[in-house]
Amino acid sequence: MTLPILIAGGGIGGLTAALSLARIGRRSIVLEQASQFGEIGAGIQLGPNAFQCLDRLGLGEALKSSAVFIDHQILKDAVDGSTIAEIPLDAPFRERFGNPYAVVHRADLHAAILEAARASGHVELRAGVRVTGYAQTDNTRSSATVMATLSTGAALAGCALIGADGLRSAIRAQLANDGEPIVCGHTTYRSVIPTEQMPEAFRWNAATLWAGPKVHIVHYPLKGGKVFNLVVTRDNGAKEVMAGKPVTDDHVLSQFSHVCTDIQTILRRGKDWKAWVLADREPISTWTDGYVALLGDAAHPTLQYFAQGACMAMEDGVCLADMMDTHTDLPQALLAYNAARAVRTARVQMGSRLVGEYIYHPSGAKAAVRNTAMRSMTTSQYYDQLAWLYDGAKT
């Protein structure tokens, strides 16, 4: 136990694990392949389950002070502009789930966890270090448990290795050997609009989603209401993963020519668009190999349709530390962590696919069924449907 726990990946999941371990007095070294620790992207939606984790990390109040508390989730028909569902997220919601639903800038969330980890005194941060694999030795007092192989050819010793290295995890490739990720075929375009440029009729304090044939459009306020995050997705059969590629305004508009004029008005306000093509993987039940375990997207990469990717990674990090605090035997701790997390995260992975197909992107009869079913539900019924997710990992 004199050796640190090695964490490959300095994103939200890896840093949450490091900070959670620090809070139980465990040392870690976070190895980030980028030249510096940071986060790209704009808005991120945080459900009550995410704030449960942030409260455990001692960051809940700080993040709540900088977040935008959303009043409603609104689902609208992207073809005719009608409202399908409106779910209140006000005081009764917060009382039901013990925490708010809010949106923050992804970089602000990452920075808060990073600074807390740095200040803990138990986390060493190393940037520009890429882990390419691992080897395990006998667990004796005179030898290391895990050797993380680095891209330089060097190796680093630790008592355990956590692979939080994302969709194309080198740790997963060795542990699970399950090949390439599954490209979703959907291209997502992102822009941030100053609030004064957002059409006044749509400056709602809501997480709004317009659902249409093979498209959906999301917008919500960020930065204390100073800007609106705009995320629009088209099922266009994209074949390759893409991250942050600049695209023209005209290209984006051409992908959404079949939606209502309200959406067209909003899209014309977007500038400096960038494109992403996302991917996931089939759920797997085994995330561990002796003193090695996966976390976050390395364990359960998921599509964006539940807005739960970062939330699941934070839950992983908190659970990992809980199990290491409970079990003195590290392999047993990792097995317990795996058992606690596998089914819940697989449900999110599978549910995200289903939501994308049957809620966000259907047309014709399927869209009519969606509209009829969702319009018939009460607020209480919506809360009951969300309870398994927002009540957190205790369910």
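Two strands pair if DSSP finds at least two bridges between them. Keep that in mind as you move through this predicted model.

**Stop one: E1 and E2.** Select residues 5–8 and 28–32. Strands E1 and E2 run parallel and are joined by 4 bridges; look for isoleucine 5, whose bridge partner in E2 is serine 28. Now show the side chains of E2. In a regular strand the side chains alternate between the two faces of the sheet. Here Ser28, Val30 and Glu32 point one way, while Ile29 and Leu31 point the other. Because 5 of the 5 residues of E2 are buried, the strand is largely enclosed by the rest of the structure.

**Stop two: the eight-stranded sheet.** Follow the open, mixed sheet in the order E6-E5-E14-E15-E16-E13-E18-E17. E6 (83–88) and E17 (242–246) are the edge strands, each with a single partner, so one side of each lacks a neighbour in the sheet. From one strand to the next, the twist averages 15°.

Select 364–375: helix H11 touches E5, E6 and E14, and its direction makes about 35° with that of E6.

**Stop four: H9 and H10.** Finish with residues 309–326 and 330–360. The axes of H9 and H10 come within 9 Å and cross at roughly 155°, and the two helices are therefore roughly antiparallel. Their contact includes Met312 and Cys319 of H9 and Leu334 and Tyr337 of H10. By type, the contact residues are 12 nonpolar, 1 polar and 4 charged.

Terms used
Residues numbered from 1 in each chain as written. Predicted model: local features only at pLDDT ≥ 70, side-chain atom pairs only at ≥ 80, totals over all residues. Heavy atoms only, no water. Axes fitted to C-alpha atoms, helices over the stretch in contact; angles between N-to-C directions. Parallel < 35°, antiparallel > 145°, perpendicular 65-115°, else oblique. Contact = heavy atoms within 4.5 Å. Nonpolar A, V, L, I, M, F, W, Y, C, P; charged D, E, K, R; others polar. Buried < 20%, exposed > 50% of the residue type's maximum accessible area, 1.4 Å probe, protein only.
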